[in-house]
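Subject: Structure handover and findings

Hello,

Here is the structure I said I would pass on. My notes follow below it.

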Amino acid sequence: MRKFLLALCLGLFTFVPAHSQFSTAGTDFWFGFLENFSSTQIDGQLYLTSPVNTTCTVTLANGSYSQNFNITANVLLNVTIPAFNNPLVIQDQVVQNQAIHITSALPITVYAANVENATVDATVIYPTTSIGNDYRVAVYNPSNLAGSAAEFLIVAAENNTQVEITPSAATLQGNAAGTPFTIMLQQGQTYMVQSNGDLTGSTVKATGGMATCKKFAVFGGNQCASIPNVGAQFVCCCDHLYEQIPDVNRWGKNFVISPLTTRIGDTYTITAHTNGTVVNVSGVGVYNLNAGQFVEFITPGPAKWITSNNPVLVAQYANSQDYDFCAGADPFYIIIPPVEQATTDAIFGAYAMPLTTNYYLNVVTKTVNIAGGVVLDGVPIPAASYQPVTGNPAWSFAPITILAGSHVLHCDTGFIATTYGFGQYESYGYLAGANLIDLLAQPQVVFSGDTSVFSSFNDTLDCQDQYVFCFLDSNNTTVTQVAWNFGDGPQVIPGWSAGHTYTNPGQYMVTMWYMLPGGCNLDSVTFPVNFVASVAVLDLIHDTTVCPGDSITWMIPTGGMGTITWWDNTNDTVKTVPAGYYTVAYDSQGGCHITDSATVTEIIPNQAGLPNDTSICFPDTIVLSVNPLGISYTWQDNSTNPTFTATGPGTYFVHVDYGNCASDDTVNILDFQLFTVDLGNDTNICQGDQVILDAGIPGANYLWSTNAVTQTINVTTTGNYWVEVSVNTCVEGDTVNVVVTAPPAFSLGPDFEICDGDSALLDATLPNASAYLWNNGLGTLPSGYIYNAGTYIAQVTVPPCFVEDTIVVGLKVVINDILPDSVWFCQDENIEITADLNNAVYAWSNGSNSQTVTFDETQTASIIVYISGCTAKDTVDIHELTCYCNLFVPNSFTPNGDEKNEIFKPVICPELDYYTLTIYNRWGQEIFRTSDPAKGWDGKHGGKESPLGVYTYMVVYDSWAVFENEKTVRGQVNLIR
């Protein structure tokens, strides 16, 4: 017989129903576009889809664009907001009316793509019902490249939205890291923050009294990020990052990260919102993070399990194409949802971009679903497509190649899906399927003795199961008020738990309302309950007691609607029995079969059923129970419940009245102090280190597995260590597993020298390493090329050990200044040139291998010299000169526009080291000067024609190849028109 105990906490507050939304589908959206790489005007691309035909309106808040559209079921609609309507936000830290607003008659899914040639990324857009007011940002560290600022965007969905921003890095507009500042936004306004530092960990939250309830959307990314970012080194090429960020209420604790198809490794970041966050990445490492801190790592496949003691934000980044020289790839950015946000249905689009040619889908689901449980476009995904998740084989991952266009995914028990596209130095990625549940409030549903989370509740009640019990953990400090409605009437039941019996078949929507601390509006979640049948008789017979020698009579009226069958195969509707165990079955005309059983107990006087005398350890309590079938109960304090909670030492008495008979009983309870022993989590230490295990509880008695009897022990070897701590008669204990790991052998190799201008590979790669750190140039990469001599130190973390090695790289010095920059020789002669580097092998551009070579014509000659294993190169410019120079000066010119004799210009040889031509008027005033032998006087002064007449000229010139001294020639020229 199924029984439920329902405790309701009643309160006096009013509940107003609110819309509930779990997935990325909705009817109202607010969003915006971030600034792309070096672009101020590009088209805004939207992709809209729905499982049903519907209509929608797309509006730009600046008033420059508004259009209505028809959406056909399961067909991807592409909407372009033209560049001249200014859909992008391009002004840093300026309030603008740049939000995009979409409304629809029926739920749709919206994707936005920021598309510039070779710099593309996309995101799914959250409906307004799934955005929040408290965010922590995850972006990506800017590259050492102009136009690669980290950035995030705030989009207001309501008027008078006051937002407090605390950047984790200094902003481009001068706001200091860690110093909060506030802005005020109206509905449809946007505000973008950019930085040359890493903005990951920045907080963005509503503030200002009632304004703390204002909801807004946040988008993060980078103008054009090179990934991974290794400081001064640039991994080609950069790409735009663009993703909507969930508010902290929708973060989770359990994740699956799945590798991107065609890549040898992906970059991930994990960001913490609270202090003391411990994150375990299977096969990678364990990270301890405080609020706003994050860890970045690169890992190849297979898919891995991530778990955390506090909610975290996980982001996946595709690396730049030249990171692994994958043909057709580049960075993009996806927020990975926790498995707590698994959804059952999704419609998504793989859309064509200018350079995108290949499209992929990553599906994560429970392993029990791989035998056809996940259906893509009406066809089950084959079991052979799946791979187990490292660290949690209960989950599996399938990488799938898809075609461009609209797609449909379905799985009864849920999945997480991401989709992405790759092209030559181009890529995009976004969330294809997940829920957006507020994970701070997760009601549980109980029926048929089974408990399930409301978001995965997908069952139908049968004849016996029309009783539904719902509850929210009363230890949930994130919720302050709770109330329920079961969908078949207006009744609202306040309290952390509620139960309800349905009397008529049908589908009912159960709603839980709740208030967040400091909130001013109620939020809600809603889920369906299907009830297909109803039976009037559920509790057929029940446990009871009788006095010695008495019997009990049961009456089961059926109204002619069913049949009763007793344990003895009789069908009586009235049955009288003595003490004993009995069963009965009821079969309704509707096909419901109900069984019940009961025990009739004969009362033994003066034995109500209290336990023997006992002890409790304070502050534990003990519930004293007696036979629950009495008519009335009287305890020593005159309370009348069938149970009594003893909270301390003493003598407890109960009198139970069963009608014609009664029973009494007494129990004595002793009291001792209760305490807790906690040795901490299992740990892994490096050989040579030690860990101190502390049992706590000073002054107690201790017994360790090592036979030590002290409060603490030092552990240096692998093993399971336990301790028993006793105080009086109370004993508590704990066990911890300690693993000691030997450090790996590590060497960078012997010291060596490199030639000037050459490079060398330094490799610190170790299996299972979680982090690398170089003192010079290579940052956090496991290996890389160096180009300069120096001392290089590599530090490698192979949890739990840390190893280090040093290598000295010397420089083989080769003189590169082998030849003079230029030489000259006179016409009809030649010149000898000698390489200024002895004991070498020479290779001249004319094919000679001698140290000295003769040249007889103008050219640029080059030489390659091989010496000491290095190569040196140099060039020399060889000039042939005309070693004579005659000057001819005309005595008149006619600048009259007939294109004959228009310019006065002396004629002289071109090999001059110095040249000036100066013109003077009749009064000796200088009216023209040039140092270019190719230029002459056009008869003008100050832009006006000079008067006709005679002018004086002076030519000064020199050529070291011809003259020993500078020459000066003076004369007169006649200007005629």
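In which loop is P302 found? P302 sits in the loop between strand 20 (294–299) and strand 21 (304–317). Please keep in mind throughout that this is a predicted model.

Backbone

I began with P302 for its peptide bond: the link from G301 to P302 is cis, with omega near 5°. A cis bond also joins I227 and P228, and there omega is about 0°. P228 has its place in the loop between strand 14 (216–225) and strand 15 (239–245). As a general point, most peptide bonds are trans, and most residues other than glycine have a negative phi.

Two residues other than glycine have a positive phi and may be worth a look: Q93, with phi near 55°, and N569, with phi near 65°. Q93 lies in the loop between strand 5 (77–81) and strand 6 (100–116). N569 is in the loop between strand 42 (562–566) and strand 43 (574–577). Is Q93 buried or exposed? Q93 counts as buried because its relative accessibility is 14%, under the 20% limit. N569 has a relative accessibility of 62% and therefore counts as exposed, the limit for that class being over 50%.

Cavities

Searching the whole structure gives two cavities of 30 Å³ or more. Sorted by class, the lining of the largest cavity has ten nonpolar, two polar and one charged residues.

The second largest cavity has a volume of about 50 Å³. The residues lining this second cavity are V256, I257, S258, I336, N362, V364, I416, A417 and T418. Which strands each supply at least two residues of that lining? They are strand 16 (252–257), strand 24 (356–366) and strand 29 (405–423). Strand 29 gives the most, with three residues. By class, the lining of the second largest cavity counts six nonpolar and three polar residues, with no charged ones.

Salt bridges

The structure holds seven salt bridges. D247 has a relative accessibility of 2% and so counts as buried. R250, at 9% relative accessibility, is therefore classed as buried too.

A further bridge is formed by D324 and R263, with 2.9 Å between the closest N and O atoms. This pair links distant parts of the chain: D324 is in helix 1 (residues 321–324), whereas R263 is in the loop between strand 16 and strand 17 (266–272), 61 residues apart. Both D324 and R263 are buried.

E926 and R929 also meet through their side chains in a salt bridge, at 3.2 Å from N to O. Here E926 is partly exposed, with a relative accessible area of 41%. R929 counts as partly exposed as well, at 47% relative accessibility.

Surface patch and a buried loop residue

On the surface, L703, V709 and W722 form a nonpolar patch, and together these residues have about 260 Å² of accessible area. Where does V709 lie? V709 is in the loop between strand 54 (701–704) and strand 55 (712–715). With a relative accessible area of 56%, V709 is exposed.

L819 is another loop residue, found between strand 63 (801–812) and strand 64 (822–826). Is L819 buried or exposed? L819 is buried, because its relative accessible area is 2%. L819 and I833 are 14 residues apart along the chain, and their C-alpha atoms are separated by 7.9 Å.

Regards

Technical notes
Residues are numbered from 1 along each chain as its sequence is written. This is a predicted model: local features need pLDDT of at least 70, side-chain atom pairs count only at pLDDT 80 or more; totals for chains, interfaces and linings use all residues. Side-chain values use heavy atoms; hydrogens and water are left out. On a 1 Å grid over the protein atoms alone, a cavity is a set of points where a 1.4 Å probe fits but cannot get out, and a pocket is an open set with protein on both sides within 12 Å along at least five of seven lines; lining residues have an atom within 4 Å of a point. Grid points are joined across faces, edges and corners, and a volume is the space filled by probe spheres set on the points. Ala, Val, Leu, Ile, Met, Phe, Trp, Tyr, Cys and Pro count as nonpolar, Asp, Glu, Lys and Arg as charged, and the others, Gly among them, as polar. Helices (H or I, at least four residues) and strands (E, at least two) are DSSP runs, numbered from the N terminus. Patches are made of residues with over 30% relative accessible area and no salt bridge: like charges are joined within 9 Å, nonpolar side chains (Val, Leu, Ile, Met, Phe, Trp, Tyr) within 5 Å. Accessible areas come from the Shrake-Rupley method with a 1.4 Å probe; for residues, only the protein chains shown count as cover. A salt bridge is a side-chain nitrogen of Lys or Arg within 4 Å of a carboxyl oxygen of Asp or Glu. Buried means under 20% relative accessible area, exposed over 50%, partly exposed in between (1.4 Å probe, protein chains only).
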